[in-house]
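This briefing gathers selected points on one protein and its ligand. It is arranged by topic, and the sequence and structure come first.

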Amino acid sequence: MSENQATLNIDGKTIDLPVHSGTIGPDVIDVRKLYAQTGAFTYDPGFTSTASCDSAITYIDGDEGVLLHRGYPIGQLAENSSFMEVSYLLLNGELPSQAELDDFSRTITRHTMVHEQLSSFYSGFRRDAHPMAVMCGVVGALSAFYHDSTDIADPVLRKISSHRLIAKIPTIAAMAYKYSVGQPFVYPDNRLSYTGNFLRMTFAVPAEEYHVVPEVEKALDRIFILHADHEQNASTSTVRLAGSSGANPFACMAAGIACLWGPAHGGANEAALNMLREIGTPDRIQHYIDRAKDKNDPFRLMGFGHRVYKNYDPRATVMQSTVREVFQALNVTDPLFETALRLEEIALSDPYFVEKKLFPNVDFYSGIILSAIGFPTTMFTVLFALARTVGWVAQWNEMIADPGQKIGRPRQLYTGPTPRDYVPLAQR
Ligand code: ACO
């Protein structure tokens, strides 16, 4: 980190604050000593101007629509790589050799089964429970089953629990789906790829042969790549904050899943498809655009806008082309795709969306693909959680391995009552 300085005047006092530069991206003003030197805090609810950590995993330039994993552009990874390879890259920092990839894939494959006792957890849930609620519970429960790898001070155990999480999350997600539709759980088949295995565990039934459609497997694998990591977003920051106290990785992932479920974050893909269904036909689009622009109406165009991207989300570009590939492979069409394309066109020529730099995000088209593959909308965020697990795990490992790591403990601007004396109940 190269050093520069920023000068701050406060209450007639002048202090110098170090400014650090990363390899690319904005500089950061280091305010760690600010409170000790001035007695003041910085104030940044929503963290719009705050870097919470150092990280060498993912880089986003929101203005330019750039997303890099370990330096590699997301478009190149989505086009040429596989989810297993991207997972290796996120965890280890470099693309693997063939032998390293084979070894990694074998290790992940070996951990795909879950403890049989974990299956009985599912029957404690209502069949109509949202699968994200089930995911929060079951992933949180993993620490009760894999106690032997929860010592976070041991790098070998950290690696084992990381592999367990990445390997078991598709099994757990598929089981959540199977439980919701009342079908028997399907055990993993380790002859299949990571993504092929997940498709089979989700859609196969014991009564019939199941064949993975290669184009669908490829499309879903690409969707997983597009969701694998995204810098210090809300759920990743949740995982880091939970992990900063020394909590075990399974508990941290459950915290990440809980955060991801929100409609402003991972829940948006479900909300985007529901919105497209509500709009229905292109002739009704203008009405919804008008609602989105109306300050007195809470309605927002779901799948539009992003905290960081003030340009086209590069993941949305890949998603849009993947829709066509999946439709072709499955020989289906969905009139909602036409509605989505038209909605994008109308919104992007409307000054409201142009001025506010609101573009389609990754969630705008993903729902159409997932729906064509056969996933119900309630599973969309589960698939996001499945793919993001590797990002959470990589970020969690990076944080734990950092010798300067501290418990995350933000402060506040207090706006409550000033000190006052307790009033006995009889006098109130
Ligand atoms: N439709 C209509 N107006 C919008 C939208 C939208 N989708 N998104 C933002 N705006 C408007 C806001 O009303 C606000 O207007 P104002 O300045 O006149 O008050 C302005 O654009 C800025 O919006 P903020 O909410 O302040 O921006 P922020 O960065 O906090 O929010 C967010 C980003 C939450 C993603 C927002 O754009 C949104 O709610 N989008 C819809 C939900 C969505 O698609 N989420 C998925 C995000 S991607 C992901 O998690 C994988």
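In this predicted model, Leu-301 is in contact with Met-275, Tyr-288, Ile-289, Ala-292, Leu-343, Ala-347 and Phe-353, leaving aside its neighbours within four places in sequence. Leu-301 also belongs to the residues with the most contacts inside the largest nonpolar core, and Leu-301 is among the residues that come nearest to the ligand.

**Nonpolar core**

- The largest nonpolar core comprises 110 residues.
- Besides Leu-301, the residues with the most contacts inside this core are Met-135, Tyr-365 and Phe-375.
- Helix α18, which spans residues 380–401, contributes the most to this core, namely 14 residues.

**Ligand surroundings**

- There are 20 residues around the ligand, and those that come nearest are Lys-295, Arg-300, Leu-301, Gly-303 and Lys-356.
- Classified by type, this shell consists of 10 nonpolar, five polar and five charged residues.
- A polar side-chain atom of Arg-300 is placed 2.8 Å from an oxygen atom of the ligand.
- In the side chain of His-265, an N or O atom is 3.1 Å from an oxygen atom of the ligand.
- On its own the ligand has 930 Å² of accessible area, of which the protein covers 75%.

**Helix α8**

- Helix α8 runs over residues 194–203 and is mostly covered, with eight of its 10 residues buried.
- The buried residues of α8 are Tyr-194, Thr-195, Gly-196, Asn-197, Phe-198, Leu-199, Met-201 and Thr-202.
- The cover over these buried residues includes helices α3 (83–92), α4 (98–110), α7 (155–181), α9 (214–227), α17 (363–373) and α18.

**Met-132 in helix α6**

- Met-132 is found in helix α6, which covers residues 131–145.
- Because its relative accessible area is 0%, against a limit of under 20%, Met-132 counts as buried.
- Leaving aside neighbours within four places in sequence, Met-132 is in contact with Ile-257, Leu-260, Trp-261, Thr-381, Val-382 and Ala-385.
- Met-132 and Phe-145 are 13 residues apart in sequence, and their C-alpha atoms are 20 Å apart in space.

Technical notes: Residues are numbered from 1 along each chain as its sequence is written. This is a predicted model: local features need pLDDT of at least 70, side-chain atom pairs count only at pLDDT 80 or more; totals for chains, interfaces and linings use all residues. Side-chain values use heavy atoms; hydrogens and water are left out. A residue is near a molecule or strand if one of its heavy atoms lies within 4 Å of it. A polar contact is a pair of N or O atoms within 3.5 Å; within protein, one must be able to donate a hydrogen and the other to accept it, and residues adjacent in sequence count only if both atoms are side-chain atoms. Accessible areas come from the Shrake-Rupley method with a 1.4 Å probe; for residues, only the protein chains shown count as cover. Ala, Val, Leu, Ile, Met, Phe, Trp, Tyr, Cys and Pro count as nonpolar, Asp, Glu, Lys and Arg as charged, and the others, Gly among them, as polar. A nonpolar core is a set of buried Ala, Val, Leu, Ile, Met, Phe, Trp, Tyr and Cys residues joined through side-chain atoms within 4.5 Å. Buried means under 20% relative accessible area, exposed over 50%, partly exposed in between (1.4 Å probe, protein chains only). Helices (H or I, at least four residues) and strands (E, at least two) are DSSP runs, numbered from the N terminus. Contact means heavy atoms within 4.5 Å.
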